[in-house]
Amino acid sequence: MEVHLKSVLAGGGAWLHLQPGLIVARLKPCLRRRGGANSSFRQPLCTSGHAPLRRPVQPIRAAVRRRAPLSVWQRTSRQRSGAHIHASPAMQQSDDAEVPALNDLNNNSSKHRSGAQGRDGFRNQQKDSEGSMESPNLEFEYGDTDSLTAELSELYSYTEEPEFSLNRDYFEEDFRSHVKGRRWVELSVDDQRAYVMRLLDALEVTDREKRLKVARAILYLAQGVFDECDTEADVLHWSRHNIFLLYDMGIFTALLELLSMEIDNNQACSSAVRKPAISLADSTELRVLLSIMYLMVETIRVEMEDDRPEWRMAREAFKTELGSPLYNGEPFALLLFTMVTKFCSMSAPHFPMKKVLLLLWKTVLFTLGGFEELQAMKVRGREKLKLPPLPEDSIKVVRNMRAASPPASAMELIEQQQQQKRGRRSRRSAFVDSLEGDSPFAKKQPLVKQDSLDTYNERDPFKNDDARDEEDDGEDVDSGIEGEVDPLDRDVIIQPPPPPPPLRPPTDRVSFPKGLPWAPKVREKDIEHFLESSRNKFIGFTLGNDTETLVGLPRPIHESVKTLKQHKYVSIAEVQIKREEELQQCPMTMGEEEVEETPAEILYVGMLPSLSQYVIALLKLLLAAAPTSKAKTDSINILADVLPEEMPITVLQSMKLGIDVNRHKEIIVKAISALLLLLLKHFKLNHIYQFEYVSQHLVFANCIPLILKFFNQNIMSYISAKNSICVLDFPHCVVHEMPELTAESLEAGDSNQFCWRNLFSCINLLRILNKLTKWKHSRTMMLVVFKSAPILKRALKVKQAMMQLYVLKLLKIQTKYLGRQWRKSNMKTMSAIYQKVRHRLNDDWAYGNDIDARPWDFQAEECALRESIEKFNTRRYDKNQNSEFAPVDNCLQSVLGQRVELPEDFHYSYEMWLEREVFSQPIQWEGLLQSQ
């Protein structure tokens, strides 16, 4: 009876709102088929709670193949035609669910469940260890960076707090000796310029101590002369004013020369290598210089509405200067990359790596551009190649997404199965009696639980309201999906609510989103594969890459090809690959390629000789800063610029240092993740093989397992970590009086719902993982081999739409390899993928056809890609190559008449060379006459 009952009452949650007469009318065919009302409703149940006779469970592959595309389009067409589903008020308020299985479980997953106190206590322990299912929606807006104040405060460690007053003292000492009776904010612009010029001259003295004092005075100016300000806004205002003044006076170039001197200071490097413990004192000069340069880059990079015209011109000039090879023939970012590699090779362990990475990230962000600039560059690039415009703005689509409820944990599934075994027969009898009675509403009816609706929908997220489909496929749908609960087996009796009025106003309807958030895409290769299989099936032969000839194919295939071509998407990368193949095949006819000198191109040319060293160094730092990494004796020490000279004595000092160390590591992870993502995205837009070259180095350096190791932790506790002390953050600490710190205030942390930098880092790492594995079968299999599915599924507990989107993308590409059992147990995740991830019209991700036909040959795929990359790099960047197409001089007189440059010592030893190489060697003159 259960199978027939569900087949009749199919159609999402709409059956709950039918009038009682309609329900009985729908049940009559079942009653007749099963031998009358009494025999069907009184049929005994098995001990498991199911009807004794059932059809065998259909494979999930066939169910998804048959149901998935149909239900999406039927649901969309039904919404457009004006049909609506009456839902409870809680469901009406949710407008983020296209697929019914993804309704919010926030307020009903454990709140309304009854159970023993012991079980509740155990659940609380489980929530503390794994993160709560009822995590709140995170009001997080993804961007290039955090707010300016937050980015400036993360430059300084809490251990550096005493140096703020030191900078002020050195400035005031020098300032009072030159300017009498006035403060800095009272000077005219000309007087300020004159004083900065004196500081610039003093930077060139040979005395190291005097140079450091002058540098600290300049740092105090860049920090906003905070001793003369009353509020944080005043500090930021004067900091911005002073930094543009410093740049205009040429301070940055002078600082760059000093930084190069400090990097090449072998004495400091050797003394740091010999020291058993490195502290802040070993990197004082470097930290002061890097702090000034970071403040200048970050402040000038951020554009304000009230900026003066000369400031806007200075910003563009500074951006061009940083991205051009003006510093020893290479961009400024390469100097910082060199510092990273020297630090990781243990030759300079005293480098303040957090400041270096922050400055490197902001330099790349400033010179190459952020994510919105990337989107604009992509639009211009498509216009230049005469490609159709993008179907949507991905940044806007992601920002408008709303988070879905995370899937149920194992403990909750066990509890649901226990509830399923208790009282099933009584609940079903009560439900059936209510249907058989003359007045189903004579008894007191409980309220319909929203999560009961969700669970019913979760049983089959692809149900539709077509009566013919209900009768034909009703038994196939009820396949008993593991890990999901029948609504009839819940501990609440689901009863039909009062009949709705005949005409409901439009405001009472459920506001579903119109269609899916992403427009579907189809590659040219997908159309070719579809036509190849269709021709093999109907004609018996193929036509290669011909996508226009449809002779001999049936009409539905014509319509399918037309639909596929309507959604065909040609990427810039495909055009670049095709162009590169033509240049490789026809180098003479195609001629020289015109390469635009963009900032990304200049940076790639500079990084190319040592790219593998840079990538390995960044991943070493990421590994050392990851919270899941264990301290090892041979690992690099990234705490050189946070540990004080004297270790803490009291408990309060130890707590403060512990928070500072954790914060330090989080900032390093944030900088590296953002830097790698920026490089990947810009190189992919500049040329696809530049992106593939960096990606392959990341993969060979074990970036994929490293990121998975990072996420193999309690990700909710990492995102909600409170490793910050608000009263010690700049500029708050230099404006307000310092309150007395206690252990309670340190434990409390800030009042924010989440840590912005940690959530930002997690999203960046997920995006990097997506970049590395997209359309790469061998790398996708690496995700499967490393068992990433449970790790990624735990990350879905974070209720932030953008993070969930990239987790679902990673799950989608490996779903077909996880097996039927995994798909059956994770239907809620599958429905979330349908709702939030872009659809490929002929992608078999949900059921996995012909998996065994594609062997996992990692080496062959990567070697083929590496060969294409090397050909590209050789053709474009190896100017000294001995090409077979180079002209050859075959005239004897001109060859002998060429002037050959010989070394100086050859003139003194040429006689010996003649004797050894010519006269002493026997010459077989007869051999010249013999034919070869």
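Is Cys269 buried or exposed? In this predicted model, Cys269 is buried, since its relative accessible area of 6% falls under the 20% cut-off for burial. As for cysteine pairing, a disulfide is a covalent bond between the sulfur atoms of two cysteines. With sulfur atoms required to lie within 2.5 Å of each other, the count in the model comes to 0 disulfides.

Of the 932 residues in the chain, 51% are buried. The accessible surface amounts to about 46400 Å², and carbon and sulfur atoms contribute 53% of that area. In secondary structure, the chain has 45 helices and 0 strands.

The average pLDDT of the chain is 77, with 71% of the residues scoring at least 70. Residues 1–133 have a pLDDT below 50, and this stretch makes 260 contacts in the model beyond near neighbours in sequence. Residues 434–513 also have a pLDDT below 50, here with 181 contacts beyond near neighbours in sequence. Where pLDDT is low, the predicted coordinates should not be read in detail.

Conventions: Residues are numbered from 1 along each chain as its sequence is written. This is a predicted model: local features need pLDDT of at least 70, side-chain atom pairs count only at pLDDT 80 or more; totals for chains, interfaces and linings use all residues. Side-chain values use heavy atoms; hydrogens and water are left out. pLDDT is the predictor's confidence in each residue, from 0 to 100. Contact means heavy atoms within 4.5 Å. Buried means under 20% relative accessible area, exposed over 50%, partly exposed in between (1.4 Å probe, protein chains only). Helices (H or I, at least four residues) and strands (E, at least two) are DSSP runs, numbered from the N terminus. Accessible areas come from the Shrake-Rupley method with a 1.4 Å probe; for residues, only the protein chains shown count as cover.
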